[in-house]
Amino acid sequence: MNTFRLRASKAGLKADNTLDTRPTPVTSSAHRGPMLFSREILRRVLVPLLLALLGVGLFNWLVPGESRAVYEQLNGFPDSDAGAHAVRPTLLGALCFLPAVCGILYSIAGTMARYMTRQFLGIFTICFCALLTIWLLQDLQNNLPDLRGGKHLFQTIVTFYATRLPFIVRELLPYALLLSLLFCLGKLSKSREIVAMIQTGRSLPRIVSPLIVAGLTATILCMALNYHWAPIAEGSGEELLQQAKGATISEASNVLYRNSTKHRLWMVGTFPKNYEKGEPLLNVEVTTTDDAKNLLTRISADRAIWNRRDRSWTFENAWEGDFKEVKSIYEGEPDRIEPVFNDNEGQPRTVVRRGWSETPWQLIKPGLAPPYLGIPDLNSWLRANSGNEVTMDPSPYLTQWHYRWAQPVICLVTVLLAAPLGIHFSRRGSTGGVAVAVALSGSLLFLTTMSLSLGEAAKISPAVAAWTPNVVFALLGIYLFHRRIAGRPIYQSILKLFPGCN
């Protein structure tokens with residue numbers, strides 16, 4: 001019935017096949033042309049302008065706070081990588097204007113590119129929101145027993161997920177890209193719009209170029225988040241859970257640090273949450289040796305406080321002792337070295353040490369989990385532990401450093417895999433392409449996990465471990481693109497490898 005009404009309307013007929021004698025308004029083409037032209041120009045200018053205003057608002061809201069955080073970091077821990085931390089406000093500011101740049105690209109694109117962009121963005125928004133909802137519900141179900149420990153449940157939940165937002169976006173973007181690309185290209189292929197675009201003389205790479213730009217944009221966004229905020233947000237989520245349960249929050253525990261230059265070995269029981277703001281380290285033991293690695297002194301204290309003004313260490317409730325040779329009281333038993341504590345009539349005392357180069361930031365580095373460190377913190381750890389590979393294995397940190405740059409490229413690899421498999425020219429090709437794309441994405445995830453494990457265990461090079469999955473599947477995506485451009489079958493060729501599936 002709807003098709004009939006549409007055709008009747010085009011023929012000037014009513015729905016009951018009688019002639020429509022109502023006068024049709026006539027508009028001068030000379031009058032209509034400038035009106036449509038000015039409306040189109042306004043629409044193209046308005047989108048980038050609104051996005052630029054949004055970027056200005058985000059810039060004024062986020063960048064000053066980030067600048068203060070960088071200042072506090074460098075002021076409290078001057079041995080941090082100052083250059084890498086100084087990039088953070090600039091990178092965050094550039095990230096605020098990324099939507100405006102995309103709006104400008106959209107406004108100067110051609111009609112077909114803008115049409116493809118609108119089709120993709122609508123489906124991408126639905127897919128991302130659906131994945132986000134499913135992920136939040138699943139994660140909330142797992143963490144709700146711990147979150148209930150907070151005084152204000154709703155506020156605790158909002159804070160918990162707002163803090164983890166950079167991590168959530170980074171994790172969901174590749175999957176949202178995969179689903180939206182498959183659905184969008186499948187829909188356009190089914191309606192024969194892809195065929196119509198090709199018949200107008202456009203090549204397949206030109207048709208999907210807006211989707212490749214979308215993959216590049218997602219890669220840039222994830223790379224910026226992966227520089228610092230996404231790893232930090234992942235670690236902050238664990239801290240908020242501990243706080244909600246009422247447990248004592250600590251940055252690290254049972255950390256061993258060796259100062260090979262000064263021959264001092266630190267053992268720190270607990271780093272409190274606000275150790276960088278002056279809270280004392282707990283259960284600290286410092287042992288000093290000579291060049292021949294003979295034991296000299298030991299300080300055991302309940303608390304150790306670092307003064308950033310004069311860079312001195314104050315050990316409270318401490319026992320200080322010198323290692324001396326103790327004669328054995330048993331015949332035939334060798335003499336032994338034991339600490340003789342210089343106590344104050346059998347009581348602990350306060351011990352102050354000035355001129356020591358160690359800072360709390362240096363001491364905590366060996367106890368920091370590599371997945372929760374951004375590029376600046378990983379740079380600081382690797383620089384501080386350079387030449388100390390015997391006691392501190394750098395493989396996990398080097399692997400995570402390379403993975404910070406490699407992981408965002410998964411978004412672009414996803415586009416290369418999904419685009420040729422999402423396009424089909426027969427009605428039977430859609431299901432097979434979707435199945436292959438999902439299987440390849442799962443294989444990419446599995447290979448990435450295995451490769452990272454081998455890299456962190458020092459079985460393969462950290463750079464090889466981080467980049468090999470992306471390179472392998474990017475080449476596979478380019479190969480699939482080549483076959484799709486040449487008009488050769490993809491799904492049927494893969495089925496030939498498995499005779500039982502034909």
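**Exercise 1.** In which helix is C411 found? Decide also whether C411 is buried or exposed.

*Solution.* The model is a predicted one.
Step 1: Locate the residue. C411 lies in helix 15.
Step 2: Read its accessibility. The relative accessibility of C411 is 1%.
Step 3: Apply the cut-off. Buried means under 20%, so C411 counts as buried.
Step 4: List the contacts, leaving aside neighbours within four places in sequence. C411 touches L173, P174, L177, G215, A218, T219 and C222.
Step 5: Check one distance. N470 is 59 residues from C411 along the chain, and their C-alpha atoms are 9.9 Å apart.

**Exercise 2.** Find where Q407 sits and which residue its side chain joins in a polar contact.

Step 1: Pick out the polar contact. The side chains of Q407 and R170 are joined by one of 3.5 Å.

**Exercise 3.** Describe how helix 3 and helix 13 are arranged, and name the residues that meet.

*Solution.* Step 1: Recall what is needed. Two packed helices are described by the angle and the distance between their axes.
Step 1: Take the values. The axes of helix 3 (residues 82–96) and helix 13 (residues 375–384) come within 8 Å and cross at roughly 180°.
Step 2: Name the arrangement. Angles over 145 degrees count as roughly antiparallel, so helix 3 is roughly antiparallel to helix 13.
Step 3: Name the residues. From helix 3 come A84, H85 and R88; from helix 13 come P376, D377 and N379.
Step 4: Sort them. The contact has 2 nonpolar, 2 polar and 2 charged residues.

**Exercise 4.** Work out in which sense strand 3 and strand 4 pair, and what links them.

*Solution.* Step 1: Find the sense. Strand 3 (residues 281–289) and strand 4 (residues 295–307) pair in the antiparallel sense, over 8 bridges.
Step 1: Find a facing pair. V286 stands opposite I299 in strand 4.
Step 2: Look at the link. The two strands form a hairpin, with 5 residues between them. In the turn, K293 has a positive phi of about 65°.

How values were computed: Residues are numbered from 1 along each chain as its sequence is written. This is a predicted model: local features need pLDDT of at least 70, side-chain atom pairs count only at pLDDT 80 or more; totals for chains, interfaces and linings use all residues. Side-chain values use heavy atoms; hydrogens and water are left out. Axes are lines fitted to C-alpha atoms, for helices over the stretch in contact, and angles run from 0 to 180 degrees between N-to-C directions. Helices (H or I, at least four residues) and strands (E, at least two) are DSSP runs, numbered from the N terminus. Angles under 35 degrees count as roughly parallel, over 145 as roughly antiparallel, 65 to 115 as roughly perpendicular and the rest as oblique. Contact means heavy atoms within 4.5 Å. Ala, Val, Leu, Ile, Met, Phe, Trp, Tyr, Cys and Pro count as nonpolar, Asp, Glu, Lys and Arg as charged, and the others, Gly among them, as polar. A polar contact is a pair of N or O atoms within 3.5 Å; within protein, one must be able to donate a hydrogen and the other to accept it, and residues adjacent in sequence count only if both atoms are side-chain atoms. Two strands pair if DSSP finds at least two bridges between them. Buried means under 20% relative accessible area, exposed over 50%, partly exposed in between (1.4 Å probe, protein chains only).
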